Amino acid sequence: MESGEWKVDALQWTIDYRLLTIILLIAFGCSQNKHSHAEQYTCPMHPTVIKDKPGACPVCGMDLVLKRKHSDEVKVGDELDYLLKPVNSSVISSIKTVTPVRKSIDIKAKANGVITYDTRATTTISSRISGRVEKLFVKYNFQPVKKGQKILEIYSPELLTAQRDLLYLLKLDKENSQLIDGAKEKLRLLGATDQQIDQLASTGKESTSFAIYSQAEGYIVNGGENQNSQAELDVREGMYVTASQTIFKVANAKTIWAEFDLYSKDASLVKVGDPIQITVDELKEELDEKVNFVQPFYERGENFTKVRVYLSNLNGKYRVGQLLSASFNKPSRESLWIPVMAQLDLGTKKIVFIKKAEIFQPVEIKTGNQSDNLIEVLTGIDASDSIAYNAQFMIDSESFIKIKK
């Protein structure tokens with residue numbers, strides 16, 4: 001072989017070798033690129049571990065899972081945007097809805113009450129002298145007494161001295177009528193009756209204890225210092241009383257009061273002279289009366305209105321402490337009414353949930369009178385609005401309602 005031919009063959013081989021090398025490099029690169037886009041597996045606990053085939057994690061031994069590409073992630077579109085609204089902005093539900101009704105209905109309010117004594121027919125029995133209660137004839141509160149009935153006996157040194165003064169004058173200066181009349185008047189001022197004074201003058205013997213009689217007919221009402229005691233009496237045998245101290249109060253049961261406490265929301269329904277239907281629970285008796293007295297008052301952190309009706313009790317069939325119930329009816333002007341369950345009382349605000357499309361939104365309302373299970377709406381909604389029937393079901397226990405202005 002000539003040297004020129006050998007050089008040509010060597011050059012051809014070199015070209016073929018280089019061409020083969022380039023082809024192999026291109027093929028390897030394509031294989032690497034294809035592999036880079038192939039599925040990859042990773043460890044849930046060690047995301048830095050990446051393999052091109054299933055297996056076990058070399059760190060913790062857990063099975064490798066398929067690694068998802070970013071292109072597979074779910075994108076939230078406009079059709080899902082309403083699901084991501086915060087719960088304090090709107091509430092999604094499919095509960096029953098109602099439409100407000102515009103009409104005029106009679107307002108009905110109910111209240112519970114009790115029969116109490118008429119304080120205008122109460123007589124106060126007080127002690128005119130200081131002394132010790134020797135004997136007590138009244139044993140319990142609300143005990144009935146008659147006029148002139150002996151209720152206690154009292155020992156008083158002052159009364160004993162006044163008796164002795166009268167006896168001394170009758171014995172040694174019986175002609176001195178002026179002094180004798182003065183001594184008798186002193187005994188009267190100390191609480192002695194004319195009968196007791198005449199008995200003292202006729203027998204000539206003083207009494208160590210004097211009886212005190214009831215000045216009115218009725219029943220005993222605890223009238224001492226402890227006004228909260230309803231069962232026990234404040235005065236007991238052996239106790240000392242002072243002059244002008246109230247011992248008992250006698251309430252006349254011929255006239256009584258029926259008293260009811262109304263909540264402030266119902267107070268505007270009742271005026272003096274309005275009709276009222278009273279039911280005596282124990283007697284199953286119904287009375288048609290009129291309201292005689294209305295007085296707002298505040299007790300135990302709540303505002304009430306006391307409604308009072310004067311009743312006659314000449315036959316004595318009503319007793320103090322009997323339970324009563326009453327209903328008040330009053331015609332109303334034409335208004336917008338919704339079920340009571342449809343409004344939610346937040347304390348300072350009242351709201352309803354208006355349905356718009358598939359979303360319920362809270363709206364503040366102003367309410368008025370209430371009649372049974374219906375409540376009057378003054379402002380906030382229209383008759384065409386569709387509202388949730390039960391507002392309580394619309395509340396998320398972990399969120400607050402944000403009312404749109």
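This is a predicted model: local features need pLDDT of at least 70, side-chain atom pairs count only at pLDDT 80 or more; totals for chains, interfaces and linings use all residues.
**Overall make-up and confidence**

The protein has 405 residues, of which 33% are buried. Its secondary structure consists of six helices and 26 strands. Among contacts between residues at least 6 apart in sequence, 70% join residues at least 24 apart.

The mean pLDDT of the protein is 78, with 77% of the residues at 70 or more. Confidence is highest in strand β8 (residues 131-136), where the mean is 91, and lowest in helix α2 (residues 78-81), where the mean is 52. Over residues 224-229 the pLDDT stays under 50, and the model has seven contacts beyond four places in sequence for this stretch.

**Helix α3**

Helix α3 covers residues 157-172, 16 residues in total. From the first C-alpha to the last, α3 reaches 22 Å, close to the 22 Å expected at 1.5 Å a residue. Which residues of α3 are buried? They are Leu159, Leu160, Ala162, Gln163, Leu166, Leu167 and Leu169. An α-helix has 3.6 residues a turn, so residues three or four places apart point the same way.

**Pocket and cavity**

Rolling a probe the size of a water molecule over the atoms shows where empty space is left. The largest pocket has a volume of about 370 Å³. Its lining is made of 19 residues, and those closest to the pocket centre are Pro144, Gly218, Tyr219, Ala253 and Asn313. Strands β9 (144-145) and β12 (218-221) are the elements that give two or more residues to this lining.

A search of the whole structure finds one cavity of 30 Å³ or more. The largest cavity has a volume of about 50 Å³. Its lining consists of Ile107, Leu269, Val270, Asp274, Pro275, Phe328, Asn329 and Lys330. Strand β20 (residues 323-331) supplies the largest share of that lining, three residues.

| Space | Volume | Nonpolar lining residues | Polar lining residues | Charged lining residues |
|---|---|---|---|---|
| Largest cavity | about 50 Å³ | five | one | two |

**Two buried residues**

Aspartate 118 lies in the loop between β6 (106-117) and β7 (122-126). Is aspartate 118 buried or exposed? Aspartate 118 counts as buried because its relative accessibility is 3%, and the cut-off for buried is under 20%. Apart from neighbours within four places in sequence, aspartate 118 is in contact with Thr255, Ile256 and Trp257.

Alanine 391 is found in the segment after β26 (387-388). With a relative accessible area of 0%, alanine 391 is therefore buried by the same cut-off of under 20%. Where the neighbours within four places in sequence are left aside, the contacts of alanine 391 are Met341, Ala342, Gln343, Leu344 and Phe353. One of these, methionine 341, is 50 residues away from alanine 391 along the chain, yet their C-alpha atoms are separated by 6.3 Å.

Terms used: Residues are numbered from 1 along each chain as its sequence is written. Side-chain values use heavy atoms; hydrogens and water are left out. Helices (H or I, at least four residues) and strands (E, at least two) are DSSP runs, numbered from the N terminus. The expected span of a helix is 1.5 Å times one less than its number of residues. Buried means under 20% relative accessible area, exposed over 50%, partly exposed in between (1.4 Å probe, protein chains only). On a 1 Å grid over the protein atoms alone, a cavity is a set of points where a 1.4 Å probe fits but cannot get out, and a pocket is an open set with protein on both sides within 12 Å along at least five of seven lines; lining residues have an atom within 4 Å of a point. Grid points are joined across faces, edges and corners, and a volume is the space filled by probe spheres set on the points. pLDDT is the predictor's confidence in each residue, from 0 to 100. Contact means heavy atoms within 4.5 Å. Ala, Val, Leu, Ile, Met, Phe, Trp, Tyr, Cys and Pro count as nonpolar, Asp, Glu, Lys and Arg as charged, and the others, Gly among them, as polar.
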